[in-house]
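Reader: I'd like to learn how to read packing and surface features in a model like this one. Can we go through it piece by piece?

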Amino acid sequence: MSGEIATLQDLLAGLAEHGEQEALLLVEAEQTRPWSYRRLATEVERVAAALIEMGVRPGDYVGLLGENRPEWIIAALAGWRAGAVIMPLDAQISEAGLGHVLADSGARFFFVGHGQEERLARLDSAADLRLIPLAELPGEAANPDLAVGTRRPEDPAALFYTSGTTGPAKGVPLSHANLVFQVNAIGATGLVTGADRVLLPLPFHHVYPLVIGLLVPLGLGLPLILPDALTGSRILRAIKEGRATTMIGVPRLYQAMYEGIVAKATAGGLPARLYFQAAAGLAAFCRRRFGLGIGRRLLAPLHRKLGPSLRLLASGGSALDPELALKLEALGWQVAIGYGLTETAPLLTINPPEGGRAGSVGRAVPGVELRIEPVKEDKAGPAGEEPDADRATGARPQIIGEVLARGPSVFAGYLNLPEKSAEAFAEGWFRTGDLGYLDPDGFLFLAGRASTLIVTAGGKNIQPEALEDAIAGHPLIREAGVLFYRDKLAALLVPDLAALRRAGEHEVEEALRRALLELSRDLPSYQRPDEYAVDREALPRTRLGKIRRHLLVRRYEQARAERQPEAAAEPIPLHDMSDHDRALLDVPAARAVWEWLARRYPQVRLSPDSSPHLDLGIDSLGWLNLAMELGRHADVELHEEAIGRIETVRDLLEEVVRLSEEGRGFNVADPLADPAAVLDAERRRWLAPLNRFQVGLAWCLYQLNRLLIRGIFRLRFAGRENLPAGPFVLAPNHVSFLDPFALAAALPFAVVRRTYFAGLSEIAFRNIFFRLVCRLGQVVPIDPRRATASSLAFGALILDRGYNLVWFPEGERSLSGRLLDFRPGLGMLLDRYRVFVVPAYIRGAYEAWPRGRSWPRPHPIRIQFGPAVHADQLAAAGTTTPAEPSSQGAAESREAAATRITKELQQKVAALADEQD
């Protein structure tokens, strides 16, 4: 398109000029659907003619209520072509919010997506609406030659409703001049070229993706790539399949992207992790110190995997953390940052990849003017102080004040709100409500929102965003919302359940209390929260990631109060979920899993942030039954590797979506009935018999261990005569890393030769020397991040081959030295393989090398072997009739038998402890 445009109708008139060039590329799970500019222009003209025939007149509001799809774009463009004012709405808007919009705008025409007609039908104010399904856009008009009303630059083109972070949504009319100014201005920056391909993984209804992500590429004749679902796997596929060069995103998307990259790098083994850390660190240093971009070369495999063509990450919608921007640049991408509001259509400033300034949101877009209105001295900054001197020039900036703007992109006033409109302007300057300062070179630095500034009783000023970032920086805290509650500074904390689990923390409240105390030591006294509450659910946010602060008080009070059982039984509503979570539930398999979980666990308030372990009570063994149930309900195969990655219900849904997209059917092997199907060849090789040379080395290793344990720790044992001749399971308590070594030293070599132990893969198998020792000592690898399936499968194969097995029923080392509750895994194994069990109790190993200590110290160790007991006796305990064989048909009977076995065995081990006392 040549020259600048004055109205959106000028933009639409030029679409056909690009002919067969690619305009849209919809990337689906298994295919891509391209749309040429000629086809797009034809469809727009057809639908526009139909709208005019329906009675749409210039200036009429036409609502759009649906998810991202090409038909949404055609409907919006057709509305503009017909002279209408389009009104994009969040497809997940609440019914109360939808009713408010209908009453405020008086809209009579609505394009609606799947399921939206029923929602509108429930509203009294929707009786006279003309609904047009996006899935069935109107066909040819009877009279396609009806005149199209010409629009002037000052006429309204779109009506947006603010996201309502601090109160009810306000209508923001934007004119043709407001919107086309952005298209012309972005085109003049040179950030994108005619060779670029733009990826838009954001909902269309917000002004930022609509204008910058949709209108700008179409105005410049560029291909626009659209993932059919806003999930991580679909976005990644869209980058690759669409050969995207530019991504239009928001900070939360880029944060998730970076965290995903780090997680994959750290999960790729020690060499990959070390290389990534070294390369990323060197690239960040060179970028920060010398302005050199070497990350793309150092991390070339990463770019080949994610998409070698991707070069530019454009961020808007909310503030991008400068540290995150540096990390993304260090990885080899260019980062462009934009700042603005819905009322400014949206961009006021751009911080380009080259020539920008770290921490700034950039200079004003040409044609836009900015100035700072000083605030009272006690509101000089987030902490009541002047900002630091500019790093580049050393000059001290002016005192922080409110950012004011004027220019062609600024709107004229709110719809039907003359008082609010008057408050929004000061002598022709729009009050952004943001606090910040301009450095001597005109770069704008933001310092928070004036409306969210917290003034303490002592007159100190706190910007909640900065404090929230500081609190959320703790590894155990995923999110933080800061508010002023009853004259006290309060924090609503959302735990990082994965980090808590890795840290071995079981008491969430206590762990977060300690974390907050730890953080408070580094904060000024007036920024330390006076009280806090913990909530497992994600904070309420807009679809672009901003906290809905007017909802924080209610959420904080709910978190402080005890939940009523009736409320706890209700899953979190869809409209309270993030855009990402709603996109997950759009996938039928994920929706089936969500609905099944809601029915299966009615005693908890189900949310995407619910922990299967902490909230739903699913232990590692429970995943086996859950995986089979999910297979029946969602037709997906959930392997133990996937289970090991799941920390929240959201993780589970993402796994289901990924497996569903890959088309993997349901095929979950039973580790007890078919253990060989659970263990791959790599793990089964640890069960191969030792050759003669290895047996000789094993005998030497046995003698060395016996010498050390009996000499340093003065090992004593009793009851060894209780060991049966046939295959048996040795079930001791577990308090120390020394336990298996002490047991091996107490057993005759002939018994050790027919006995297998289990070792943590991350510890016992972490290097070649340890792996050799494990091979000689007949230790099998157990990955603690995975489910119990591999443990059960190893145990089943060992007992089935007539060997002995050492199994620690507690599943972990005791922190206190006291006996922990036994986990049901051994009960399931013994229910299937009815062999003898020898309970044992180890004393002194805790004092020699407790959990948490780096090195052991000499201390006497004693082992008491109890009388062998057959699994049939354990299973029959507490019943009036002998236990049935484990092949009985009912799953409940098997679970009951396993529970009885586990309970009785724990009592026998506890009795040995009492005897030693």
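Reader: What do the buried residues of H4 pack against?

Author: Contact here means heavy atoms within 4.5 Å, and helices (H or I, at least four residues) and strands (E, at least two) are DSSP runs, numbered from the N terminus. On that basis, the buried residues of H4 pack against strands E3 (61-65), E4 (85-89), E5 (109-112), E7 (156-161) and E8 (171-175), plus helix H5 (116-121). This is a predicted model, where local features need pLDDT of at least 70 and side-chain atom pairs count only at pLDDT 80 or more, while totals for chains, interfaces and linings use all residues. Residues are numbered from 1 along each chain as its sequence is written, and side-chain values use heavy atoms, with hydrogens and water left out.

Reader: Which residues of H4 are buried?

Author: Buried means under 20% relative accessible area, exposed over 50%, and partly exposed in between (1.4 Å probe, protein chains only). In H4 (residues 95-105), the buried ones are Leu 98, Gly 99, Val 101, Leu 102, Asp 104 and Ser 105. Gly 106 follows H4 and has a positive phi, near 70°.

Reader: And in H8, which residues are buried?

Author: Arg 234, Ile 235, Ala 238 and Ile 239, in a helix that covers residues 232-241. Down the axis of H8, these buried residues fall within an arc of 145°, so they line one face of the helix. That arc is taken over the directions from the helix axis to the C-beta atoms. Just after H8, Arg 243 has a positive phi too, about 50°.

Reader: Let's zoom in on one residue. Is Leu 40 buried or exposed?

Author: Buried, because its relative accessibility is 0%. Leu 40 belongs to helix H2 (residues 37-54). Leaving out residues up to four places away in sequence, Leu 40 touches Leu 15, Ala 23, Leu 24, Ile 74, Leu 77 and Leu 218.

Reader: Now the outside. Which residues form a nonpolar patch on the surface?

Author: Leu 282, Phe 285, Phe 290 and Leu 292, with about 400 Å² of accessible area together. Phe 290, in helix H10 (residues 270-290), counts as exposed because its relative accessibility is 52%.

Reader: Last one: how many disulfides are there?

Author: A disulfide is a pair of cysteine sulfur atoms within 2.5 Å, and by this rule the count is zero. As for individual cysteines, Cys 700 is partly exposed at 44%, whereas Cys 774 is buried at 6%.

Definitions and conventions. Patches are made of residues with over 30% relative accessible area and no salt bridge: like charges are joined within 9 Å, nonpolar side chains (Val, Leu, Ile, Met, Phe, Trp, Tyr) within 5 Å. Accessible areas come from the Shrake-Rupley method with a 1.4 Å probe; for residues, only the protein chains shown count as cover. A salt bridge is a side-chain nitrogen of Lys or Arg within 4 Å of a carboxyl oxygen of Asp or Glu.
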